[in-house]
Amino acid sequence: MEEGEYESVLCVKPEVHVYRIPPRATNRGYRAAEWQLDQPSWSGRLRITAKGQVAFIKLEDRTSGELFAQAPVDQFPGTAVESVTDSSRYFVIRIEDGNGRRAFIGIGFGDRGDAFDFNVALQDHFKWVKQQCEFAKQAQNPDQGPKLDLGFKEGQTIKLNIAEGPPYPGRNPGLPRLPPPTSGETLPSPQGRLPARLNQVQAGSSSDLSVVPLFPHTISERSHVTWAKRKEDEALPGQPLFGA
């Protein structure tokens, strides 16, 4: 046990009874019925503490906390703590005085719940001790631990679900695609008049082309069109646009 280890409290029970027990004549186990259960030798408080891997069952005075006896437990179940064969509320523990002297005494609880908590506290502590030992062994020999096999087995397949994104930015994938234009059909234009001119050109009409060209290329052509349009507006009804 290292001196730097701290002591933790695992369980506290306010009332426990201590009994003198007769020597065990056979290996059949202890029986609480053979004790004088109505005349306990001592009654007080029980505490279970842990320091490192060792647990300590401490019997203390209820008022002053003075230590009456303690039983170091390095293994559970084991010879340091044994259950009796005829009851779940009584146990036999091995106490030590620190000078090498040992003795076996009986302890008992008036409530079964207290006896259950006493038993579970010792079980949980030594489960923790076992885990710590396994972790220490794995740290010393990391190659001996189980290896994770991430390879594919024979015949094993994998399925990927890839979501289909929009065909081009800005398009809502929930809207249907527009059909391609058929012959003689034009797409809508924001200017409005351009499709009408295109339809007339496709139909073979040349009347409008003589007045306003569809795509004027030079400044002179645009000025001629403007002058012709103004003369048409100024002409009186029944008079020709240009003099004979």
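I started with the second largest pocket and asked which strands line it: β1, β4 and β7 each put in at least two residues. β7 gives the most, with three residues. The volume came out at about 210 Å³.

Before going on, a reminder to myself that this is a predicted model. Mean pLDDT for the chain is 77, with 62% of the residues at 70 or more. Residues 205-212 fall below 50, and beyond near neighbours in sequence that stretch has seven contacts in the model. Where pLDDT is low, the predicted coordinates should not be read in detail, so I left that part alone.

Nonpolar side chains tend to be buried together in soluble globular proteins, and I wanted to see who does the joining here. The largest nonpolar core has 27 residues, and the members touching the most others are Leu46, Ile57, Val81 and Phe118. The largest share is from α1, with six residues.

I picked Leu46 and listed its contacts, skipping residues up to four places away in sequence. Leu46 touches Cys11, Val12, Lys13 and Val16, then Ile57, Lys58 and Leu59, and also Ile107, Phe109 and Phe118. Another core, of eight residues, lies apart from the largest one; Tyr19, Tyr30, Ala32 and Tyr90 are among its members.

Tyr19 and Tyr90 turned up again when I went to the rings: ring pairs join them with Trp35 into a cluster. Over the whole structure I get seven aromatic pairs.

One pair I looked at separately is Phe91 with Phe109. Why does it count as edge-to-face? The planes of Phe91 and Phe109 stand at 75°, which is why the pair gets that label, and the ring centres are 6.4 Å apart. The pair links distant parts of the chain, 18 residues apart. Phe91 sits in strand β6 (residues 90-96), while Phe109 is in the loop between β7 (102-108) and α1 (112-140). Buried or exposed? Phe91 and Phe109 are both buried. Phe109 was already in my notes as a contact of Leu46.

Notes: Residues are numbered from 1 along each chain as its sequence is written. This is a predicted model: local features need pLDDT of at least 70, side-chain atom pairs count only at pLDDT 80 or more; totals for chains, interfaces and linings use all residues. Side-chain values use heavy atoms; hydrogens and water are left out. pLDDT is the predictor's confidence in each residue, from 0 to 100. Contact means heavy atoms within 4.5 Å. Rings of Phe, Tyr and Trp (its six-membered ring) pair if their centres lie within 6.5 Å; planes under 30 degrees apart count as stacked, over 60 as edge-to-face and the rest as tilted. Helices (H or I, at least four residues) and strands (E, at least two) are DSSP runs, numbered from the N terminus. Buried means under 20% relative accessible area, exposed over 50%, partly exposed in between (1.4 Å probe, protein chains only). A nonpolar core is a set of buried Ala, Val, Leu, Ile, Met, Phe, Trp, Tyr and Cys residues joined through side-chain atoms within 4.5 Å. On a 1 Å grid over the protein atoms alone, a cavity is a set of points where a 1.4 Å probe fits but cannot get out, and a pocket is an open set with protein on both sides within 12 Å along at least five of seven lines; lining residues have an atom within 4 Å of a point. Grid points are joined across faces, edges and corners, and a volume is the space filled by probe spheres set on the points.
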